[in-house]
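Hi,

Here is the structure I promised to pass on. My notes follow below it.

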Amino acid sequence: MEIEDLASSSDGMSDLEVTSKELNDEELQYTSGSIPKLQFKKDTSKAHWNAEMGMAGVIEKKGKMWITTGIVRRGKLYYTIEETLFLAEILAVHMLDVDDTTLFLKDLYEKVAEGKSGCCWETFEVYRHLKSLGYIVGRFSFINQLKTLQISDLRPDFEVYLPNNKFRKSSPSDPSFMLYVTRAHPPSRNEIEELERKCNGIPLKFSHVDPGRVSFFSINRVELPILP
Amino acid sequence: MGPRWKGKDSEARALAEPMSEIVQQLQSCLIHSKTRGLLLGCSVLLGAGADCMDLLIRACFGQPIITAEKDKQWFELSLEESFYLFHSLRCLEIAGEDKRLKNEDEIWQYIISKKPAFPYFYKAYSHLRDKNWVVRSGFQYGVDFVAYHYHPALVHSEYAILVLSEGSDDVNGRLNVWSDLKCMVRLCGSVVKTLLVLRINRSDGYLAVSPLCLEKCNVEEYTITRWNPEQCREEKTINKRTGVCRMVSRACNNNAKMRVGDVKYQEEIAQDNGQRHNADPEEEKEKLEKLKF
């Protein structure tokens, strides 16, 4: 008797994959020479950090990363802090301060630590994880939320699109899902309900961050069928 | 994830003899034979004649106790199982240590004194049993219940169930911290089950007062699953006939076929049947054949 496609249950196999991957990670990082090397970009854009906006204004576009990253305001392309940091880590952008001096990674990490640009470290790690896999990730925007103008701070962090080389910022379709980066505890039922209300029918996923590791979960309301 | 049947004929056998019919036959049999259970600690013991014994096994209520007695088969039922037969199906009478039959309030008070959170567990148990799912203890997996599409001899369980109550004073204390949630999801993944949370919502006050309170609360069902972004495309399709939601992975990397000889599968059979590890697949097949339906 064969059990076919047990692996098509994504939870089953992904856990088995993670087991061996995690073991290997522990072994690999025993020597500094075995830290994985990231693929660096050869085409580097240039951008100025705008402290007032908390964003980077792009002055020179190179390569292709900018097509699926950033927002356009009054004809100019801007990156959020998480987009800026992600692109800087892979050399897809060369960051400059107001006075044209170079901003290094250290300066950008410090900007995240300052917490004035709308993104904390854990949220950045989630952003980086998905972006590295080719997903298109934008900050949750209230533009679509005309129906639910609520004062509560609780809202999804990101709108995520599946990897798609035909994506255009000017005319995006609905996101594939919304993403909430959980804080200390798993979300309560009330928090889940409030977040789902703000998603306007788009599926919601949750992520949790341990230092350096990001995991994702779906919490779905179901109704088991009545059996014969 | 849909039902994973054991063997080629199992699904057909399940369709030919629906669980609802077996439970109905059990109900008639127990009423007719005036079977009574005995409250002992957190269990109820009952001695069944040949007819009822067969139906108890097929409907999956209780565990047989191996004794030398020939004309009666003793079964040990959980509090949920016995209360379901007593309260929902009204086919079992229950006596206490004084050999006197207890009424509903007496049984309820006795059970609550042993297991204060019983109303929530019972609501969850009866909610699924009423829908003809087979519900068994989940203690082997560190969960409250496991749910099967049909008898465990013919199908693997699909859902590992945790019972939560509404509000901050959750009676079960589960899934309050990330380590517990992740542990549960990971465990469920490795035994190929989906984590199902049954949230019991009470409309007024604590449920323990009387069995009537059970009518005033409702059950919400949630699945909690891990999503792996590396697997890129995931689509959910709902089987219109069974209503079962199946995750279909388009770009799935290690789509290995698992065979009967695979250690993981053997462990799972052993876990499902509560048997010792390293079950022999040929032995399993023989046991399936011997189980008379």
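A salt bridge joins the side chains of A:Arg139 and A:Glu82, at 2.9 Å from N to O. Keep in mind that this is a predicted model.

Some context for that pair. Chain A splits into domain 1 (40-119) and domain 2 (120-227). The contact draws on 20 residues from domain 1 of chain A and 15 residues from domain 2 of chain A. The centres of these two domains, taken over C-alpha atoms, lie 23 Å apart.

Interface size is often quoted as the accessible area lost when the parts come together. Here domain 1 of chain A and domain 2 of chain A bury about 1,400 Å² between them. Carbon and sulfur atoms carry 60% of that. On the domain 1 side, A:Thr68, A:Glu82 and A:Phe86 lose the most area to domain 2 of chain A. Together they make up 39% of what that side buries.

Now the polar side. The rule finds two salt bridges across this interface. Eight residue pairs are in polar contact between the two domains, both residues at pLDDT 80 or more. Helix 2 (81-89) and helix 3 (105-114) of chain A each supply at least two residues of the domain 1 side. Helix 2 of chain A gives the largest share, six residues. By type, the domain 1 side divides into 11 nonpolar, six polar and three charged residues.

One item from chain B. B:Leu187 sits in helix 7 (residues 178-190). B:Leu187 is partly exposed, because its relative accessible area is 25%, and buried means under 20%. Its C-alpha atom is 34 Å from that of B:Leu89, 98 residues apart along the chain.

Best wishes

How values were computed:
Residues are numbered from 1 along each chain as its sequence is written. Chains are lettered from A and ligands numbered from 1 in the order in which they are written. This is a predicted model: local features need pLDDT of at least 70, side-chain atom pairs count only at pLDDT 80 or more; totals for chains, interfaces and linings use all residues. Side-chain values use heavy atoms; hydrogens and water are left out. Helices (H or I, at least four residues) and strands (E, at least two) are DSSP runs, numbered from the N terminus. Buried means under 20% relative accessible area, exposed over 50%, partly exposed in between (1.4 Å probe, protein chains only). Domain bounds come from an automatic or database domain assignment. Contact means heavy atoms within 4.5 Å. Buried area is the accessible area (1.4 Å probe) that two parts lose on being put together, summed over both. A salt bridge is a side-chain nitrogen of Lys or Arg within 4 Å of a carboxyl oxygen of Asp or Glu. A polar contact is a pair of N or O atoms within 3.5 Å; within protein, one must be able to donate a hydrogen and the other to accept it, and residues adjacent in sequence count only if both atoms are side-chain atoms. Ala, Val, Leu, Ile, Met, Phe, Trp, Tyr, Cys and Pro count as nonpolar, Asp, Glu, Lys and Arg as charged, and the others, Gly among them, as polar.
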